[in-house]
Structures are given as C-alpha cells and as structure tokens.
Amino acid sequence: MLVFVAVQAPPLQALTGRPAALFLAMELVCLWGGVTAALTGLLRNARIASAPVPVQAVLSGLLGAIIAAPFSSGLDVVLGMSDVLAIPDHLAWDRIATFAAETVHEVQVLALPSLALAPILIAVRQSGLRRAAGPSTQARLDQPLSQTGSADGLLSRLGKGRAQVINMVEAQQHYVLVHTDTGAEMVHYRFGDALAELASQDGLQVHRSFWIARHAIAAVRRDGRRWYVETLDNRRIPVSRPHVESVKKLDLPLS
C-alpha cells in the first residue's frame, strides 16, 4: 500500500531517509483517518450497514480517498513540497486552483491504497463487535444457521444469564445483533428467521434491517418525507416506506 503511494507521489522523490519515512507515516495517517471517517459515516445508513462487505469496502474506500486527499495536499504544503508555494502571494486564485488540482491528483493516488485498506478496517470493526458482544458469542458463531425458525431458536443462542427480553434485533449480514436490557450479542442467524420467531411479540419491523419491540420505542419522528423511531437509549432508527403505516399506528408522540 505504502509502496504504491511512494511510487505515485512526486514530492517523495526529493526525500530520503527520515523525511521520507515521516512523509509516508503521515500519508498513512491521512489515509487511515479518511477511510475510518468514511466507514463510520456510511455505516450510520442502515441500508449500507446491511450491504455485502465488498460494497461497503468500495464505498468507504472511494469516499475515504476523497476525505484524505485535502489533508494529504495540505501535508505537501507544510513540508514545502507543493507547487502552491512557488506561486506569489498576490495570485490567490492561482494558488487555490493549484491546490485543488493537487487534491484531485491525491484522490487518484490514494484511491487504490484506500480500497485496499477499507476491507481491513471493516474486518477489524466486525471483530470488535463480536468481542464486545461477549465471549459466549464466539463459541456459537460456527453453529449452523437456523433452519426451522422455532419459537425459542433465537433466545437459545443468547449467552447464559442473558435476559429473555429482546428490545431490538439488527441485521448484520449473516448475523443478527440482538439488543436486550442487559446488553447486545451477535448471533449467527438469519434475520428472516428472527422475524418469524418475533411475529408473536409486541413489536414490529421498521426497516429491512431492524425489528424493534414496542416497549423500546420512545417516540416517532418525521423529517420531511423521512420517518424515524427513537429508542429509549436515544438511537434514531430509519423507517422505510413500506413500514411507515405500521409505525403510524403505534399511537406514540410524533415530532
């Protein structure tokens, strides 16, 4: 990844030793920050959060390169390696145009390394989610997906001592993140099977990736044509169009 940046970055040709190593390290920080910010922002969208990993990687990789590029161009200016510094101060617009052109070039340079870094960060994030869900989860991740959709199937996957009160179920690709009043746990389970089991519960599906118990909903919000449900733990969950009517029937405060 860094080799590609080094080959493609003309200013680096004038650096050797420690300055070159410092430049590469700072470029990596810019790249890591850009992809991390892109990934964090994109995963707030429920549709992207439930998309396949390659889709998430491409989107976050490209957006990460765009975010990192201005910082990388600014780094060139700070280190005295930018053509902007050769333009007289009174030609402000020429400086801006040159900086913009260098930023566009940086997007092209950082695109491939960013696309390579994105899947790594996604894998690290997923690993962190599994660890945060509790040690008992990992022992069950390799169990086969549910086939029968029996009433106790989802609850039986939760760790010992977990409360039997489910507040929300969130689709995470081949897993579901089950939120209870004692925490959250990742379970290897089909979201469709979980919905079938929860059909008798007092709750509803509000989005292709979310089922929420009625007692966990604090309010219903509307922002133009977009609808949201606000949970008791202050999460705002989007309501997709097919489920708006069901949400309206909840008889909850609307704002």
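Mentor: Gln-172 is found in strand E1, residues 166–172, where a strand is a DSSP run of E with at least two residues, numbered from the N terminus. This is a predicted model, in which local features need pLDDT of at least 70 and side-chain atom pairs count only at pLDDT 80 or more, while totals for chains, interfaces and linings use all residues. Residues are numbered from 1 along each chain as its sequence is written, and side-chain values use heavy atoms, with hydrogens and water left out.

Trainee: Why is Gln-172 called buried?

Mentor: Its relative accessible area is 12%, and buried means under 20%, with exposed over 50% and partly exposed in between (1.4 Å probe, protein chains only), so Gln-172 counts as buried.

Trainee: What makes strands E3 and E4 edge strands?

Mentor: Five strands form an open antiparallel sheet in the order E3-E2-E1-E5-E4, where two strands pair if DSSP finds at least two bridges between them. E3 (183–188) and E4 (203–207) each have a single partner strand, so one side of each lacks a neighbour in the sheet.

Trainee: How do you know that E2 and E3 pair?

Mentor: Strand E2 (residues 175–180) and E3 share six bridges in the antiparallel sense, and Val-176 stands opposite Val-187 in E3.

Trainee: What makes Arg-236 sit over the ring of Tyr-228?

Mentor: The rule asks for NZ of Lys or CZ of Arg within 6 Å of the ring centre and within 35 degrees of the ring normal; the charged end of Arg-236 is 4.9 Å from the centre of the Tyr-228 ring and is listed as sitting over that ring.

Technical notes
Helix = DSSP H or I, 4+ residues; strand = E, 2+ residues; numbered from the N terminus.
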